[in-house]
Structure formats: C-alpha cells, structure tokens
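Reader: Hi! Could you walk me through this one before I set anything up?
Author: Happy to, here it is.

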Amino acid sequence: LNLCKNITATGGKTYIWSTSVATAIANVCPLATTKYYVTGTDKNGCVNKDSVTIKVNPLPIAKAGKDSAICNGKNLRLLASGGTKYNWSPVTGLTPPTNVSNPIAAPTVTTTYKVTVTDAKTCTATDDVLITVNSLPTATINGIDTVCSSKSTKFNVTLTGKPNWTITYNYDSNPSSIVNGVVSSPYTLSVTPPTAANTYNYNITAVIDGNGCRTSPGTGTVK
C-alpha cells in the first residue's frame, strides 16, 4: 500500500530526517514498514536523535467470486471473501442487504458487480464479478392442417436462443414427447395424430436452449 503520511519532530530548533528533509514535518510514502530517523538540534547547539516506525499493513485479497451466467428471471448468490466487511455496487438487481459477503443477485441485464472488501485493520481492496444474463428462448409453432387418418403432418418451429435446443411437445393433455439436439431454426416437427377423427392441438410445452434456459411457448392445430 502506497501510504503517504506526515511525521513530526519536536523539541529542537532544526531537524534533519533520514529522508534528507530538513524541516520538523516530513511527508513519507513507505511501500513497506519503515523506520525513519530524525536528528534535532536545539538553540544551544545540543543534538539528539529519535526514530519513528510507520507500519504498512498489507491490503486484503478481495475476491468477488467466479463470473457466472443466469437465465433471465433467475437469480444466484454472490460470494465474496477476503475481509470482515463487504459492500457491493451497483445495488440494482441485488436483494438487500448489500453489505454482506453473499447477497442474492437477480439482474435483468448483464451486469458487473464490484465488491469493496475491508479487513480488520480497515484496509480496503476491490474485485468484480461479471453476471451474464441470457435471454429465455422462444418457440413459435405455425400452422393449422387437415390430414387423413394415420397420416402425418409437419409444423415449422421457429426458435430463438442458443443451439442446441430440446423441444418438449404433446397434443391436448396426452403424455409429452421430447426432441433432443435440435441444431438449427426453423425446425420441422413431424407429428402423426391419432386415428380417430377429431381436432388435435399440438403444444410445445417447453424449450430448453444451449444455455440451459427454459420457456414454454406455442400451439399448433391438426384436424
């Protein structure tokens, strides 16, 4: 720590410090614990010496934690270390209190949080952590189609987000089917309705993208 401090000698008329400063007050900026010597001379020409030690405490090692990513609408707990007191900024997206080592963060946009760490000797240091906010994927399923019994039809599913996607779909309230490893958009979803004549609503019940973000978006109809 580059600490500058005034040190003052008394009891004499003139002074000379070990730093070559020839005044009673010397400004010193030690980088490590240092002893400074002063020689004082009074009005009778008598000389005496003294010394003062300036102790330089090391800075705390501030750690704000590892950079992380979350899906929009989710949160995570930050975790700082290195001190006895903590203060985070900005406070946007943080659940109070923000003067703890582990506040909960739920930013809606990618945010860099800085933590100021103070140790028992009131020395401070800072570190920051980047929280990337990934958008939720979307899926739009198009189409109303009429097919004959036991015939298949296709829907185009337009996806946003990061590949690869996992699509979960069903018709009406029947058990879901899953398509894994969808690498591009639009994706052609082929379905074969039941043999009974009816109108069947095919629903995309969930989409998970390559960031692990999940949403539940669209419906298509087959008659």
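Author: What follows is a chat about the fold, the cores and some individual residues of this predicted model.

Reader: Great. How many helices and strands does the protein have?
Author: There are 21 strands and zero helices.

Reader: And the overall shape, is it a compact globule or more spread out?
Author: More spread out: the radius of gyration is 34 Å, while the globule rule gives 17 Å for 223 residues, so the protein is more spread out than a compact globule. Along the principal axes, the C-alpha atoms fill a box of roughly 120 × 30 × 20 Å.

Reader: What percentage of the residues count as buried?
Author: Of the 223 residues, 31% count as buried. The protein exposes about 13,000 Å², and 51% of that area comes from carbon and sulfur atoms.

Reader: Thanks. How many positive and negative side chains are there?
Author: The protein carries 18 positive and 9 negative side chains. The centres of these two sets are 5 Å apart.

Reader: What about contacts between residues 24 or more positions apart?
Author: Such pairs make up 50% of the contacts with a separation of 6 or more.

Reader: Let's go inside. Which residues of the largest nonpolar core touch the most other members?
Author: That core has 17 residues, and the ones touching the most other members are Leu 78, Trp 88, Tyr 113, Val 115, Val 129 and Ile 131. At least two core residues come from each of strand S8 (85–89), strand S11 (111–118) and strand S12 (124–134).

Reader: Which strand gives the most to this core?
Author: S12, with four residues.

Reader: Can you zoom in on Val 129? What is it in contact with?
Author: Leaving aside neighbours within four places in sequence, Val 129 is in contact with Ala 64, Gly 65, Lys 66, Asp 67, Leu 78, Trp 88, Thr 111, Thr 112 and Tyr 113. There is also a second, separate core of 16 residues, which includes Trp 165, Ile 167, Leu 189 and Val 191.

Reader: Nice. Now the backbone: where are there cis peptide bonds?
Author: One joins Pro 96 and Pro 97, with omega about 0 degrees. Pro 97 is in the loop between strand S9 (94–95) and strand S10 (104–105). Another cis bond joins Pro 163 and Asn 164, where omega is about -5 degrees. Asn 164 is in the loop between strand S15 (153–160) and strand S16 (165–171).

Reader: Good to know. Which residues other than glycine have a positive phi?
Author: Ser 20 is one of them, with phi near 80 degrees, and Thr 122 has a phi of about 65 degrees. Ser 20 lies in the loop between strand S2 (14–17) and strand S3 (25–28), and Thr 122 is in the loop between S11 and S12.

Reader: Are Ser 20 and Thr 122 buried or exposed?
Author: Ser 20 is exposed, with a relative accessible area of 60%. Thr 122 counts as exposed too, at 64% relative accessibility.

Reader: And Thr 118, buried or exposed?
Author: Thr 118 has a relative accessible area of 18% and is buried, because buried means under 20%. Thr 118 sits in strand S11. Beyond its neighbours within four places in sequence, Thr 118 is in contact with Gly 83, Thr 84, Lys 85, Cys 123 and Thr 124.

Reader: Changing topic: what does Ala 69 touch?
Author: Not counting residues up to four places away in sequence, Ala 69 touches Thr 132 and Asn 134. Ala 69 is in strand S6 (residues 68–71). The C-alpha atoms of Ala 69 and Val 133 are 5.8 Å apart, although the two residues are 64 apart in sequence.

Reader: Last one: what does Thr 140 touch?
Author: Leaving out residues up to four places away in sequence, Thr 140 touches Asn 156, Val 157 and Thr 158. Thr 140 is found in strand S13 (residues 138–141).

Key: Residues numbered from 1 in each chain as written. Predicted model: local features only at pLDDT ≥ 70, side-chain atom pairs only at ≥ 80, totals over all residues. Heavy atoms only, no water. Rg over C-alpha atoms; globule rule 2.2 N^0.38 Å. Buried < 20%, exposed > 50% of the residue type's maximum accessible area, 1.4 Å probe, protein only. Contact = heavy atoms within 4.5 Å. Areas by Shrake-Rupley, 256 points an atom, 1.4 Å probe, with all protein chains shown as cover. Lys, Arg positive; Asp, Glu negative; His and termini not counted. Charge placed at Lys NZ, Arg CZ, Asp CG, Glu CD. Core = buried A, V, L, I, M, F, W, Y, C linked by side-chain atoms within 4.5 Å.
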